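Dear colleague,

Here is the structure I said I would pass on. My notes on it follow below.

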Amino acid sequence: QVQLVESGGGLVEAGGSLTLTCAASGRTFNYAVAWFRQPIGKERAFVGLISWGGNTYYADSVKGRFTISRDNAKNMVYLLMNSLKPEDTAVYYCAASRFLVSEPNVYNYWGQGTQVTVSS
């Protein structure tokens, strides 16, 4: 079992930055962690992921603006978001899986989500 808790969401102006944190607990060894987001009324979408070894993959919409990192000793995963746009507004979730995939249905474990709102 893996438990995940996101934090760090909030309100930010367009062009600003925000860092989200995903705190993991339980049997986290060798799990990849992904970030997804879900705007109101839309489906949950892949943002990016980081493997246990630190390899990262990003959706085209955030590539070059968002950076995922992790500290396995602390069981923490971070999502640094720069140059934020109003269209980045969504509830952001972290999720864990042993597979490096962008499909949310594959992920067994999810956090509760944290709201990010980008004002124009």
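Contact here means heavy atoms within 4.5 Å. By that rule, and leaving aside neighbours within four places in sequence, Leu4 is in contact with Cys22, Ala23, Ala24, Cys94, Ala95, Ala96, Tyr109, Trp110, Gly111 and Gln112.

This is a predicted model, in which local features need pLDDT of at least 70 and side-chain atom pairs count only at pLDDT 80 or more, while totals for chains, interfaces and linings use all residues. Residues are numbered from 1 along each chain as its sequence is written, and side-chain values use heavy atoms, with hydrogens and water left out.

The core. A nonpolar core is a set of buried Ala, Val, Leu, Ile, Met, Phe, Trp, Tyr and Cys residues joined through side-chain atoms within 4.5 Å; buried means under 20% relative accessible area, exposed over 50%, and partly exposed in between (1.4 Å probe, protein chains only). The largest such core has 34 residues, and Leu4, Leu20, Trp35, Phe66, Leu79, Met81 and Tyr92 touch the most other members. Elements giving two or more residues to this core include strands E1 (2-7), E3 (18-26) and E9 (90-97). E9 supplies the largest share, 5 residues. Strands (E, at least two residues) are DSSP runs, numbered from the N terminus.

The disulfide. With a disulfide taken as a pair of cysteine sulfur atoms within 2.5 Å, the count is 1. The bond joins Cys22 to Cys94, S to S 2.1 Å. Cys22 lies in strand E3 and Cys94 in strand E9, so the pair ties together parts that are 72 residues apart in sequence. The S-S torsion is about 70 degrees, so the disulfide is right-handed. Cys22 and Cys94 are both buried.

Glu6. This residue sits in strand E1. Glu6 is buried but has no salt bridge, and the nearest side chain of opposite charge, Arg44, is 7.5 Å away. A salt bridge would need a side-chain nitrogen of Lys or Arg within 4 Å of a carboxyl oxygen of Asp or Glu; Lys and Arg count as positive, Asp and Glu as negative, and His and the chain ends are not counted. The Glu6 side chain does reach the backbone nitrogen of Cys94 at 2.8 Å and the backbone nitrogen of Gly113 at 2.8 Å.

Tyr58. Tyr58 belongs to strand E6 (residues 56-58) and is buried, with a relative accessible area of 19%. A polar atom of the Tyr58 side chain lies 2.8 Å from the backbone nitrogen of Ile68.

Regards

Methods. Helices (H or I, at least four residues) and strands (E, at least two) are DSSP runs, numbered from the N terminus. A polar contact is a pair of N or O atoms within 3.5 Å; within protein, one must be able to donate a hydrogen and the other to accept it, and residues adjacent in sequence count only if both atoms are side-chain atoms.
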